[in-house]
Amino acid sequence: MKKKTHLYRILRPIFTMLFKLYYNPQILNKDYIPKEGAAVIAGNHKHALDPILVDVCTKRVVHTLAKKDLHDGRLGWFFYAIGTIPVDLYAKHNKESLLTAIEYLNDGSLINVSPEAKRNYTKEILLPFKVGAVVMAKRTDCKVIPYSITGDYKFRSKNLKIVFGEPLDFSQMTIEEANNLLYKSVKQLLLEARK
């Protein structure tokens with residue numbers, strides 16, 4: 001499958017400049033994102049703008065798993081054009097999305113996943129994690145970079161922050177063990193960021 005990245009490459013520097021000027025995010029440990037090669041980036045999901053915040057942390061193309069509804073709407077062409085991967089939130093399994101992400105990883109790409117699978121509107125610090133991010137990493141022998149997003153998307157925000165954690169190697173773990181470690185890693189990043 002040919003990855004669509006042309007429009008992404010055009011828009012990324014523009015969005016990066018505007019996003020940083022308007023929201024003033026703190027970005028910590030972005031050097032954990034590899035300069036080349038495959039990796040899964042996985043963290044909490046609190047706001048619709050979270051994927052853009054992840055995008056502005058690296059000059060590389062990031063393929064984000066995004067809900068299928070966005071791809072089916074009037075702006076669907078845009079989401080396809082910037083290389084997002086549609087995920088059906090109502091399906092029990094998303095085999096096609098998983099296989100597409102794995103194909104991209106095998107080609108050395110970055111994949112951004114929200115293991116919570118949807119935005120967290122609850123008072124819980126995290127929703128239970130789906131295993132997709134872990135499965136992608138194990139099938140492609142790549143690492144997962146956890147991240148946490150805290151604060152508010154407001155003009156010149158004083159508290160909007162994204163923190164990346166050390167890359168996680170799941171190669172010697174079961175899927176359940178790996179998913180538990182990913183959950184604990186993201187939760188720890190969130191708790192530390194809120195101090």
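K68 and D72 form a salt bridge, with their closest N and O atoms 2.8 Å apart. The term means a side-chain nitrogen of Lys or Arg within 4 Å of a carboxyl oxygen of Asp or Glu. By this rule the count comes to one salt bridge. Both residues belong to helix 3 (residues 68-72); being four residues apart there, K68 and D72 are separated by about one helical turn. Side chains of opposite charge can pair when their charged atoms come close.

This is a predicted model: local features need pLDDT of at least 70, side-chain atom pairs count only at pLDDT 80 or more, and totals for chains, interfaces and linings use all residues. Residues are numbered from 1 along each chain as its sequence is written, and side-chain values use heavy atoms, leaving out hydrogens and water. Helices (H or I, at least four residues) and strands (E, at least two) are DSSP runs, numbered from the N terminus.

Seven strands make an open sheet with mixed pairing, in the order 1-7-6-2-5-3-4. Two strands pair if DSSP finds at least two bridges between them. Strand 1 (26-28) and strand 4 (85-87) stand at the edges, each with a single partner strand, so one side of each has no neighbour in the sheet. From one strand to the next, the twist averages 20°. Angles run from 0 to 180 degrees between N-to-C directions, and axes are lines fitted to C-alpha atoms, for helices over the stretch in contact.

Strand 1 runs parallel to strand 7 (residues 161-164), and three bridges join them. Here I27 stands opposite I162 of strand 7.

## Helices across the sheet

Helix 6 (residues 132-140) lies across strand 2 (39-43), strand 3 (62-67), strand 5 (110-113) and strand 6 (143-150). Its angle to strand 2 is about 165°. Helix 7 (residues 175-193) lies across strand 2, strand 6 and strand 7, at about 35° to strand 6. Contact means heavy atoms within 4.5 Å.

## Helix 6 against helix 7

The axes of helix 6 and helix 7 come within 9 Å and cross at roughly 120°. That makes helix 6 oblique to helix 7. Angles under 35 degrees count as roughly parallel, over 145 as roughly antiparallel, 65 to 115 as roughly perpendicular and the rest as oblique.

A133, V134, V135 and K138 of helix 6 meet I175, A178, N179 and L182 of helix 7. By class, this contact has six nonpolar, one polar and one charged residues. Ala, Val, Leu, Ile, Met, Phe, Trp, Tyr, Cys and Pro count as nonpolar, Asp, Glu, Lys and Arg as charged, and the others, Gly among them, as polar.

## Helix 5 against helix 6

Helix 5 (residues 95-106) packs on helix 6 at about 40°, with the axes 10 Å apart. Helix 5 is therefore oblique to helix 6.
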